Amino acid sequence: MKSGKLVRLYSRPKGEYPQSSNLILLRSIASLEPNLKTQISVISVVDYYELYQAGLKDAIVLDLGQAQTYSRGHLPGAVHLPVTRIVRQDGYATGLMPSKAALIELAREYGLCSGKTIYLYDDEGGGWAGRMAWILDILGVEKVVYIDGGLRAWMYAGYPLSSQREVPEASDAPEELNTYPCIQLEELQKVLEENQPLNLIDARSAGEYNGVRQFAQRAGRIPGAQHYEWTRAMRLDSDYTLRSLDVIRSELQTLYSDMSNQFVVYCQTHHRSGLSYLMCRLLGLNVRAYAGSWSEWGNNADVPIQND
């Protein structure tokens with residue numbers, strides 16, 4: 001990204017918003033996967049608008065919102081990416097990581113590994129954008145920027161929308177993926193059975209977490225999971241931007257005694273927990289996502305559950 005202007009990550013009062021995360025290097029348990037090289041940061045709509053007005057260079061802007069919403073109006077220059085391209089279903093599990101072939105084709109078609117900075121947003125406050133950040137970690141993209149609050153924050157600020165449908169530009173794609181950010185059921189089950197250190201975040205509603213609301217054959221939660229609903233991280237009463245990362249970190253510290261432990265996030269399909277993943281990455285935490293989530297765990301009679 002080339003620009004003659006210094007881009008502020010946030011224009012609001014000091015201490016009110018998160019700063020960009022440092023480059024996070026993680027090592028897989030099996031030590032077989034390459035370290036994550038993706039640098040994920042966040043930018044306000046105010047500063048993104050200024051950057052766009054100055055001439056956004058070497059960048060791809062991805063809209064992860066609904067197709068009909070994109071057609072009515074979106075951020076200028078944004079390319080729509082259907083969320084069906086970043087999920088896969090296998091039996092009850094509806095939010096699995098796409099196949100290797102599907103991800104490589106996605107990267108090729110949208111030019112995701114062209115070396116450009118990728119800006120992400122959605123129309124709901126970060127769930128799908130966060131899941132896309134997870135996908136870009138798997139693809140090994142170097143620079144990812146979340147446009148804080150996405151379309152809701154953009155409209156809240158009164159900025160103009162574009163109705164021009166942008167077309168992605170293809171590029172070369174990676175030959176291999178880094179699957180470290182994705183933990184499978186069998187590995188998670190083993191971690192729990194061996195009582196390995198783990199900070200497990202359940203991003204669903206309180207009713208789902210407690211077993212009152214049921215969307216699988218069994219109701220409840222994965223043993224040891226703490227409840228931190230995905231919407232808790234955002235400002236629901238205004239523009240759906242992220243709350244202060246310092247505050248979020250403090251809240252997590254009341255739930256987990258050791259923040260250096262590996263975090264695993266999940267929900268029903270790793271849609272809502274996409275924002276939880278993004279939140280943890282911005283906090284500099286060692287985080288992975290259980291994409292099978294409750295749609296897989298809650299429909300498997302051979303794994304343990306907890307409920308109230």
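Serine 273 is buried (under 20% relative accessible area, with exposed meaning over 50%, for a 1.4 Å probe and protein chains only), its relative accessible area being 0%. The structure is a predicted model, in which local features need pLDDT of at least 70 and side-chain atom pairs count only at pLDDT 80 or more, while totals for chains, interfaces and linings use all residues. Residues are numbered from 1 along each chain as its sequence is written, and side-chain values use heavy atoms, without hydrogens and water.

Serine 273 lies in helix H9 (residues 273-282); helices are DSSP runs of H or I with at least four residues, numbered from the N terminus. Its side chain forms a polar contact, at 2.7 Å, with the side chain of histidine 270. Such a contact is a pair of N or O atoms within 3.5 Å, of which, within protein, one must be able to donate a hydrogen and the other to accept it; residues adjacent in sequence count only if both atoms are side-chain atoms. Beyond neighbours within four places in sequence, serine 273 is in contact (heavy atoms within 4.5 Å) with Ala203, Val265, Tyr266 and Cys267.

In helix H6 (residues 185-193), the residues Leu185, Leu188, Gln189 and Val191 are buried. These residues lie on the same side of H6 because they cover an arc of only 160° around the axis, the arc being taken from the directions from the helix axis to the C-beta atoms. Glu186 and Glu193, on the other side of H6, are exposed. The buried residues of H6 pack against helix H10 (293-297). Asparagine 195, which follows H6, has a positive phi, near 55°.

Key
Helix = DSSP H or I, 4+ residues; strand = E, 2+ residues; numbered from the N terminus.
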